[in-house]
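I opened a new page for this structure. My notes follow in the order in which I looked things up.

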Amino acid sequence: MSALSLRLPESLHKAAKVIAKKEHISINQLIMLALAEKISALDTVEYLNERAKKGSRAKYLSVLKKAPNVKPDDQDKL
């Protein structure tokens, strides 16, 4: 594991302390989890964008045509 020196505005540091205390974790753990969450979100967006490039309206409509034309169950109605 590597160390990182981080400068935070006082307001952000105070907010991090409050959240870490509520979650019963250290500020280091909070920052690590927040960074991991952000990286995961960015990776997901990139993955979805790459998948979207491979799609086409024609393929979408082809799959949609295979869906049965039936009324939704009562629990599925809006």
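I began with K17, which counts as partly exposed because its relative accessibility is 46%. My cut-offs: buried is under 20% relative accessible area, exposed is over 50%, and partly exposed is in between, with a 1.4 Å probe and protein chains only. K17 sits in helix α1. I then took the C-alpha atoms of K17 and R7, ten residues apart along the chain, and found 14 Å between them.

I noted the ground rules next. The model is predicted, so I kept to pLDDT of at least 70 for local features and 80 or more for side-chain atom pairs, while totals for chains, interfaces and linings use all residues. Numbering starts from 1 along each chain as its sequence is written, and side-chain values use heavy atoms, with hydrogens and water left out.

**Overall layout**

I looked up the secondary structure of the chain and got three helices and zero strands. From the N terminus the order is α-α-α. The chain is more spread out than a compact globule, because its radius of gyration is 23 Å, well over the 12 Å from the globule rule for 78 residues. That radius is taken over C-alpha atoms, and the rule is 2.2 Å times the number of residues to the power 0.38. Helices here are DSSP runs of H or I with at least four residues, strands are runs of E with at least two, and numbering goes from the N terminus.

The C-alpha trace spans about 55 × 35 × 25 Å along its principal axes. I checked burial too: 4% of the 78 residues are buried. The accessible surface is about 7,900 Å², and carbon and sulfur atoms hold 59% of it. Those areas come from the Shrake-Rupley method with a 1.4 Å probe; for residues, only the protein chains shown count as cover.

H24 lies in the loop between α1 and α2. Its phi is near 60 degrees, a positive value in a residue other than glycine. Most residues other than glycine have a negative phi. H24 counts as exposed because its relative accessibility is 73%.

K54 belongs to helix α2. At 61% relative accessibility, K54 counts as exposed. Its C-alpha atom is 16 Å from that of T44, ten residues apart along the chain.

K66 is in the segment after α3 (57-65). I logged K66 as exposed because its relative accessibility is 68%.

**Pockets**

Which residues line the largest pocket? I listed M1, S2, A3, L4, L6, N28, Q29, I31, M32, L35, A36 and I39. Its volume is about 450 Å³. The lining has nine nonpolar, three polar and no charged residues. A pocket is an open set of points on a 1 Å grid over the protein atoms alone, where a 1.4 Å probe fits, with protein on both sides within 12 Å along at least five of seven lines; lining residues have an atom within 4 Å of a point. Points are joined across faces, edges and corners, and the volume is the space filled by probe spheres set on them.

The second largest pocket holds about 190 Å³. Its lining includes L6, L8, L12 and I31. Helices α1 (10-23) and α2 (27-54) each give two or more residues to that lining. I counted ten nonpolar, no polar and no charged residues there. For these classes, Ala, Val, Leu, Ile, Met, Phe, Trp, Tyr, Cys and Pro are nonpolar, Asp, Glu, Lys and Arg are charged, and the others, Gly among them, are polar.
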